[in-house]
Amino acid sequence: MQSALQAGEDILKDGGSSLDAVQVAVMVLEDNPLFNAGRGAVFTHDATHEMDAAIMEGSELKAGAVSGVSNIKNPVQLARAIMDHSGSVLLAGEGANEFARKMNIRFEDDAYFFSQYRYDQLMKIRDTDVVKLDHSVSDAPKKFGTVGAVALDVNGNLAAATSTGGLTNKRFGRIGDTPIIGAGTYANNKTCAVSCTGVGEYYIRAVVGHDISCLMEYKGLSLYEACNELVHHKLIELGGEGGLIAVDSRGNISMPFNSEGMYRGMKKAGEDFVVEIYG
């Protein structure tokens, strides 16, 4: 976590953009097999990997997202390329892989993504209709989930990025909230930047990222109030579990969750790193 925070801070302290900062921070986490993204992505029912990612900037509301890709080393890098070069917002499956090859995005073979821990997670439930979220796996001693980053730069621009391997034992090309702009990933300079982690179906139905922004823009709620409303009220009423990280246009930070734990960290200019797991 601190390595990801450091990577983002190194860009911001030199006057770099929040967009570059969130991309680099998420790439650090994608490269770490402990987290459910990139190298550490969980297995599908067919013992494959289907990864999703998204990135968004708040000044012009530009966004890029990718869903259901395999063998992409850093899906968030592909999401950024989609935003910058494709003319589209969301690409999926083999078409996204084809675009990745055109953009010279790095691929890795299946062995790179293999984790015995992740494979064992699948084997425990493969013969059932159950899917598992890291936040709720009872025998998991730590909470290794979807990864994300949000940032505010010196020019007042907000950005958010999210990357995930989805749910263990997922089937039929299931897609969660991560690549859905306004659900799992959202940024708007008028309000905030948000990156979510949890059971994506609930985040899609609640349109969590955009709803937080709307509560701030149209009802005048603070970042804390808006995030609290979504995570501790709206999601719970729907039956949703998870959390989110968010930063507003004034640099306020909120990182609520309603699950047992959520790895989270923050770094403000001139202050020490903060990394936490539980409440």
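Colleague: In this predicted model, is the crossing of H1 and H2 left-handed or right-handed?
Modeller: Two helices that pack together cross with a hand, and here the pair is H1 and H2, whose axes lie 8 Å apart. For this pair, the crossing is right-handed.

Colleague: Are H1 and H2 roughly parallel or roughly antiparallel to each other?
Modeller: The angle at which H1 and H2 pack is about 155°. Angles over 145 degrees count as roughly antiparallel. H1 and H2 are therefore roughly antiparallel.

Colleague: Which residues of H2 does H1 meet?
Modeller: From the side of H1, the residues in contact are Ser3, Ala4, Ala7, Gly8, Ile11 and Leu12. By class, the contact of H1 with H2 has nine nonpolar, three polar and one charged residues. The partners in H2 are Ser18, Asp20, Ala21, Val24, Ala25, Val28 and Leu29.

Colleague: How is H2 oriented to H3, roughly parallel or roughly antiparallel?
Modeller: The axes of H2 and H3 come within 8 Å and cross at roughly 150°. With over 145 degrees as the cut-off, that makes H2 and H3 roughly antiparallel.

Colleague: How many charged residues does the contact of H2 with H3 have?
Modeller: In H2, the residues Leu19, Asp20, Gln23, Val26, Met27 and Glu30 take part, and they meet Pro75, Val76, Gln77, Arg80 and Met83 in H3. By class, this contact has six nonpolar and two polar residues, and the number of charged residues is three.

Colleague: Why is H3 described as roughly perpendicular to H4?
Modeller: H3 covers residues 75–85 and H4 covers residues 93–102, and their axes come within 10 Å. Angles of 65 to 115 degrees count as roughly perpendicular. H3 is therefore roughly perpendicular to H4, as their axes cross at roughly 80°.

Colleague: Which residues of H4 does H3 meet?
Modeller: H3 contributes Leu78, Ala81, Ile82 and His85. The contact of H3 with H4 has six nonpolar, one polar and no charged residues.

Colleague: Which residues are closest to the centre of the largest pocket?
Modeller: About 920 Å³ of space lies in this pocket, and 42 residues line it. Helices H1 and H2 are among the elements that each supply at least two residues of the lining. The closest to the centre are Leu5, Val150, Ala151, Met266 and Lys267.

Colleague: How many nonpolar residues does the lining of the largest pocket have?
Modeller: Among the elements that each supply at least two lining residues are strands E4, E7, E8 and E10. By class, the lining has nine polar and seven charged residues, and the nonpolar residues number 26.

Note on methods
Residues numbered from 1 in each chain as written. Predicted model: local features only at pLDDT ≥ 70, side-chain atom pairs only at ≥ 80, totals over all residues. Heavy atoms only, no water. 1 Å grid on protein atoms, 1.4 Å probe; cavity = no way out; pocket = protein on both sides within 12 Å on 5 of 7 lines; lining within 4 Å. Points joined across faces, edges and corners; volume = space filled by probe spheres on them. Helix = DSSP H or I, 4+ residues; strand = E, 2+ residues; numbered from the N terminus. Nonpolar A, V, L, I, M, F, W, Y, C, P; charged D, E, K, R; others polar. Axes fitted to C-alpha atoms, helices over the stretch in contact; angles between N-to-C directions. Parallel < 35°, antiparallel > 145°, perpendicular 65-115°, else oblique. Left-handed = near helix turned anticlockwise from the far one by under 90°. Contact = heavy atoms within 4.5 Å.
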